[in-house]
Amino acid sequence: MTRTHTIALLALLAILTSVFTLSRPERDVLSAEETKVVTTLAVAPSSFQSEALFSGFVSGTKSADLAPRGSGFIVRLLKEEGDRVSQGETLAILEAAEIRANRQSALDTLHTLDTTVSRTTRYYEQKVDEAKTVLDHTQDDFRSGSASQQDVETAEEALKSVKRLRDAEIASAKANRTGAASQALLSAALADNLIIRAPFSGIITRKHLSIGSIASAERPVYSIASADTTEIRVSIPSAIARSLSASTPVRITADADETELPGHIFSLAPGSDAMTQQSLARIRIDASADRDALRLGEHARIRFPVGAPRIALMIPETAIEHLYDDARVTVVENGVIEQKSVILGQHRGTEREIISGLEPGEHVVIEGMHAVRSGQSVTEHYVEH
């Protein structure tokens, strides 16, 4: 054999080896596809109740808009939205020039009259002491024979007159002081109306005005709510409300993290608004749920049970594939994959109602449906519902 023939034979062997090597993975894939394992669940009828979905915002059961009892310019805002406050804590301070001037004038007048009462008291007490001294000297002179009985009586009458004058003048000064004190209290009360304090402990949910704005009884400065107990107020059609009652269980879903919480209707308005035909329902989470899962101001959805329970076919939502407007599920029949179009009904947690397209007892693929195709043979890993 020539050198050329040897090289050609070696090249041919290399090509045949490559072809054989490349063909093996394909056969392995086919073999693997033929032995795919999928997890299935047998469809079985179960009790199901329709639900109506409404939404609302989480609020405190104790809430208030805080406004001053007088009008004035906001000079200090001590809290921001989200701050926790204690009952009686000062939140904002307003100023009104006229009220401030009146209060200062009343305080000045009260101080002046306090001084007047003190001076009047000292002055007339001194006059009484002087009259007593004169009487004492007159009585001594009467005992020594240098003064008459009439002189003693005159000194006694003078002392009585001074005492009466003292009592009258002090009473008058005190009366003036009492009037000024009342005026000072009134001006203090008017000034206190310009201070906004927290009526209860809670959280500032909104700051309505800024420094320099004019606030009044009609213009609240803050909104506050207690976080101890929260609720969601929802308006629902009266036709649905008639089938509900206080304590009816509901399902609450927080928009922030899609957390689902058990809840109940705390109260339901007995009547409805004549214009809107809506009834107000107050929703609270159950005592067993995490109270911190719902935060003040957060948006949440509430599912109310509607109508009587019925029997329905329910499958996991994850077992459903959507192709445009077509909903499909993958089933296994006699070890072979088949895809079926289904008509969907309502949700129940992580499950979905199947109105048509499936029959009780069929095995629905709940895991592995994306790795198989219609007509493919598979091995089932069956799980109980």
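Helices (H or I, at least four residues) and strands (E, at least two) are DSSP runs, numbered from the N terminus. The model is predicted, so that local features need a pLDDT of at least 70 and side-chain atom pairs count only at pLDDT 80 or more, whereas totals for chains, interfaces and linings use all residues. Residues are numbered from 1 along each chain as its sequence is written, and side-chain values use heavy atoms, with hydrogens and water left out.

View 1. Ala225 lies in strand S10, which spans residues 222-225. With a relative accessible area of 4%, Ala225 is buried (buried means under 20% relative accessible area, exposed over 50%, and partly exposed in between, with a 1.4 Å probe and protein chains only). When its neighbours within four places in sequence are left aside, Ala225 is in contact with Gly60, Lys62, Ser63, Phe200, Gly202, Ile203, Thr205 and Leu296, where contact means heavy atoms within 4.5 Å. From Ala225 to Ile252 there are 27 residues in sequence and 21 Å in space, C-alpha to C-alpha.

**View 2. Strand S12 and its two partners.** Strand S12 (residues 249-254) is mostly covered, with 5 of its 6 residues buried. S12 is joined by 5 bridges to strand S13 (residues 260-268), and these two run antiparallel; strands pair if DSSP finds at least two bridges between them. Within this pairing, Ile252 stands opposite Leu261 in S13. The hairpin of S12 and S13 has 5 residues between the strands, and in this hairpin Glu258 takes a positive phi near 60 degrees. S12 is also joined by 4 bridges to strand S15 (residues 299-316), again in the antiparallel sense, and here Arg251 stands opposite Arg303 in S15.

**View 3. The open sheet that contains S6 and S7.** Four strands form an open sheet in the order S7-S6-S4-S9, with antiparallel pairing. Its edge strands, each pairing on one side only, are S7 (195-197) and S9 (214-215). Strand S6 (residues 90-95) pairs with S7 in the antiparallel sense over 3 bridges, and Thr90 stands opposite Arg197 in S7.

**View 4. Packing of helices H2 and H3.** Helix H2 (residues 97-144) and helix H3 (residues 149-192) pack at an angle of about 170 degrees, with their axes 8 Å apart; axes are lines fitted to C-alpha atoms, for helices over the stretch in contact, and angles run from 0 to 180 degrees between N-to-C directions. H2 and H3 are therefore roughly antiparallel to each other, a term for angles over 145 degrees. The residues of the contact of H2 with H3 divide into 26 nonpolar, 11 polar and 12 charged (Ala, Val, Leu, Ile, Met, Phe, Trp, Tyr, Cys and Pro count as nonpolar, Asp, Glu, Lys and Arg as charged, and the others, Gly among them, as polar). Leu165, found in helix H3, counts as partly exposed at 41% relative accessibility.

View 5. Most residues other than glycine have a negative phi. Tyr324, in the loop between strand S16 (320-323) and strand S17 (326-333), has a positive phi of about 60 degrees although it is not a glycine, and at 80% relative accessibility Tyr324 counts as exposed. Asn334, in the loop between S17 and strand S18 (336-348), has a positive phi near 55 degrees and is exposed, with a relative accessible area of 76%.

Methods: Angles under 35 degrees count as roughly parallel, over 145 as roughly antiparallel, 65 to 115 as roughly perpendicular and the rest as oblique.
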